[in-house]
Amino acid sequence: MKVFHCDHCGQVVFFENTQCVACGHRLAWLPDLGIIASLDDAGDGTWTSPAAATQGARYRRCANDVEHGICNAAVAADDPQPLCRSCRLTRLIPDLSVPGNREAWQVMEAAKRRLLQTLIALRCPILSKQEDPERGLAFEFRADSDHPSEGAAMTGHADGVITVAIAEADDVERERRRKQLHEPYRTVLGHFRHEIGHYYWDRLVRDGPWLEGFRDRFGDESADYGQALQDHYAGGPPADWQDRYISAYASAHPWEDWAETWAHYLHMADALETVAACGLTLRPRRADEPALDGRRIGAAFDELVDGWFALTYLLNNLNRGLGLGDAYPFVLSSPVIEKLRFVHDVLADPAAG
């Protein structure tokens, strides 16, 4: 994530902000430019921005902002779509007449916008089901059903449709599920990153030249997926899973290994872009301790990993000093690093789209 400033007064602003706290100007995410820009009301339902990157273009507020106040993105004034690039990917929302569902939907959309900011920066192909019914992407945000035959909403992916249970927006419920499943880490954004990994396996790996390399590192995905999940939940992960996988769940099946590794790579990419944007530097007093210079984190994978080890060393020490658990409760073994390298190489492939 980049560091943003109000174009009118220079105040630091954040990705989710809708208004500058210093000068009061409206803020909006401009997806195609990857920036948060401050806006001026043109008086005819459109907005302009002094941000140089906009080149005087006019914008409209996303209809989900105007009607529901749950989005901070803008749409080009000549775009026939009323929704922004992120909101138009959503094809099902929960019943807003039910208390709490609007707030849950807002959490979902905020996480999705942050996901898209990373995907756009990584130049991943992003098309909606309306644009490409066969290979496009759609999101459904589902609530638990009151009907006994339907039960709880499940988070998952199938044929480009990502379903996220809105119960995950409740911090207490999400923590209960994390403990129940013995997970070290569980976030709404993490769900989005994981499920989009399944989508991009279909888009970038399944039918292309990367499939054999995938099988060399992750295993044979033709193994029965349903049976693999049953075995995982019945018997748990192998005792040595940390030697080969980023998480216990990754050991269930090669598809889950890929999705967990992909999600982790996005996790790293977002955090390290923030490090670079902030100019964070870590200069230890001893030569054998981790060092970090955000200005030198480039596109090379080894540089990313070196920067990541230094950053997580700092984050975990800071958290422990505050009496909190580790901000980064993972171990990157050599096989896991090579899997992350594979994700990096797939994303760097000019033909990946």
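1. In this predicted model, Ala28 stands opposite Ala37 of β4. Strands β3 and β4 (residues 35-38) run antiparallel and are joined by four bridges; two strands pair if DSSP finds at least two bridges between them. Strands (E, at least two residues) and helices (H or I, at least four) are DSSP runs, numbered from the N terminus. Residues are numbered from 1 along each chain as its sequence is written, local features need pLDDT of at least 70, side-chain atom pairs count only at pLDDT 80 or more, and totals for chains, interfaces and linings use all residues. Side-chain values use heavy atoms, with hydrogens and water left out.

2. Four residues lie between the strands in the hairpin of β3 and β4, where Gly34 takes a positive phi near 65°. From β3, Leu27 and Trp29 point one way, Ala28 and Leu30 point the other way, and all are buried (under 20% relative accessible area with a 1.4 Å probe and protein chains only; exposed is over 50%, partly exposed in between).

3. Phe14 is placed in the loop between β2 (12-13) and β3 (27-30). Phe14 counts as exposed because its relative accessibility is 55%. Together with Val3 and Val12, Phe14 makes a nonpolar surface patch of about 260 Å². Such a patch joins nonpolar side chains (Val, Leu, Ile, Met, Phe, Trp, Tyr) within 5 Å, from residues with over 30% relative accessible area and no salt bridge (a side-chain nitrogen of Lys or Arg within 4 Å of a carboxyl oxygen of Asp or Glu). Areas come from the Shrake-Rupley method with a 1.4 Å probe.

4. There are 21 aromatic pairs, where rings of Phe, Tyr and Trp (its six-membered ring) pair if their centres lie within 6.5 Å; planes under 30 degrees apart count as stacked, over 60 as edge-to-face and the rest as tilted. Tyr199 and Tyr200 form an edge-to-face pair, because their ring centres are 4.9 Å apart and their planes stand at 70°. Both Tyr199 and Tyr200 are buried. The pair of Trp258 and Trp262 is tilted, with centres 5.7 Å apart and planes at 35°.

5. Trp258 and Trp262 are four residues apart in helix α7 (residues 254-278), so about one helical turn separates them. Trp258 is buried at 0% relative accessibility, and Trp262 is buried with a relative accessible area of 0%. One aromatic cluster includes Tyr199, Tyr200, Trp258, Trp262 and Phe342.

6. The charged end of Lys112 sits over the ring of Phe139, 5.4 Å from its centre (NZ of Lys or CZ of Arg within 6 Å of the ring centre and within 35 degrees of the ring normal).

Technical notes: Patch = residues over 30% accessible without salt bridge, like charges linked within 9 Å, V, L, I, M, F, W, Y side chains within 5 Å.
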